[in-house]
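Work through the exercises below with the model open beside the text. Each task is followed by a solution in steps.

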Amino acid sequence: MKKVVAFMGSPRKNGNTVTLVNEVIRGAQDAGAETTIFNLYDMNIKPCQGCLVCRKAGHCVMQDDFQNMFKQIIDADVVVFGSPVYIWQVSAQMKLLWDRLCGLFDENHKPRYAAKSLIMVYSQGNPNAQAFQTAFQTNETMLKMFGLNVVDTILATAGTNPNTAANNKELLLKAYEAGKAI
Ligand SMILES: Cc1cc2nc3c(=O)[nH]c(=O)nc-3n(C[C@H](O)[C@H](O)[C@H](O)COP(=O)(O)O)c2cc1C
């Protein structure tokens with residue numbers, strides 16, 4: 001059975017990111033996967049302190065909710081990161097998580113653990129789907145260093161209204177299908 005772990009990086013509990021990540025997870029469950037979801041705004045994740053122990057040890061030494069998340073990522077076949085676009089990038093909570101993941105690569109910046117598929121979910125206010133593609137591409141390249149390989153990206157545009165994704169049947173289906181295809 002495949003293991004899927006998803007991270008919600010929006011403070012809006014009924015917003016577009018959450019709606020779309022839930023659809024990905026519903027698809028994954030229908031495909032028989034075991035799923036775990038973390039809402040980053042409910043978790044205690046301290047900011048990276050720059051000690052760099054992770055570069056040698058392969059894990060972070062700070063004891064907080066991150067420890068369980070890291071374990072779940074290492075055990076997973078598929079990872080899902082969902083975030084609103086905040087100031088052209090992911091939310092601060094998602095960035096906190098990503099900084100703490102540096103133990104996923106070794107001292108030569110090569111993945112330390114088994115490669116995983118990654119599904120990215122973004123929601124942005126801007127109606128232009130091209131607006132932040134450079135940032136998304138940068139994220140994809142960076143996450144590959146961790147051994148997280150993007151297989152699908154789901155993007156909600158014009159998402160100032162939290163119900164935008166919920167009202168977009170085509171996008172909901174795309175998210176569901178991305179989960180089902182794992
Ligand atoms: C602090 C903050 C910064 C934002 N920055 C951007 C931005 O740079 N570009 C953009 O298109 N939308 C921006 N937005 C709008 C959100 O990306 C948009 O409302 C998104 O759909 C929220 O996703 P959610 O419904 O999952 O919370 C910003 C919103 C906030 C609160």
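Helices (H or I, at least four residues) and strands (E, at least two) are DSSP runs, numbered from the N terminus. The model is predicted: local features need pLDDT of at least 70, side-chain atom pairs count only at pLDDT 80 or more, and totals for chains, interfaces and linings use all residues. Residue numbers start from 1 along each chain as its sequence is written.

**Exercise 1.** Find the residues with the most contacts inside the largest nonpolar core, and the element that supplies its largest share.

Solution. A nonpolar core is a set of buried Ala, Val, Leu, Ile, Met, Phe, Trp, Tyr and Cys residues joined through C-beta atoms within 7 Å. Buried means that 20 or more other C-beta atoms lie within 10 Å of the residue's own, with C-beta atoms placed from the backbone. The largest such core has 47 residues, and V4, A6, V21, V24, V79, V80 and V121 have the most contacts inside it. Elements that each supply at least two residues include β1 (3–8), β3 (78–84) and β4 (116–123). The largest share, 6 residues, comes from α1.

**Exercise 2.** Which residues does V80 touch, leaving out those up to four places away in sequence?

Solution. Contact requires C-beta atoms, placed from the backbone, within 7 Å. By this test V80 touches V4, A6, F7, V21, V24, I119 and V121.

Notes:
A residue is buried if 20 or more other C-beta atoms lie within 10 Å of its own, exposed if 12 or fewer, and partly exposed in between; C-beta atoms are placed from the backbone. Two residues are in contact if their C-beta atoms, placed from the backbone, lie within 7 Å.
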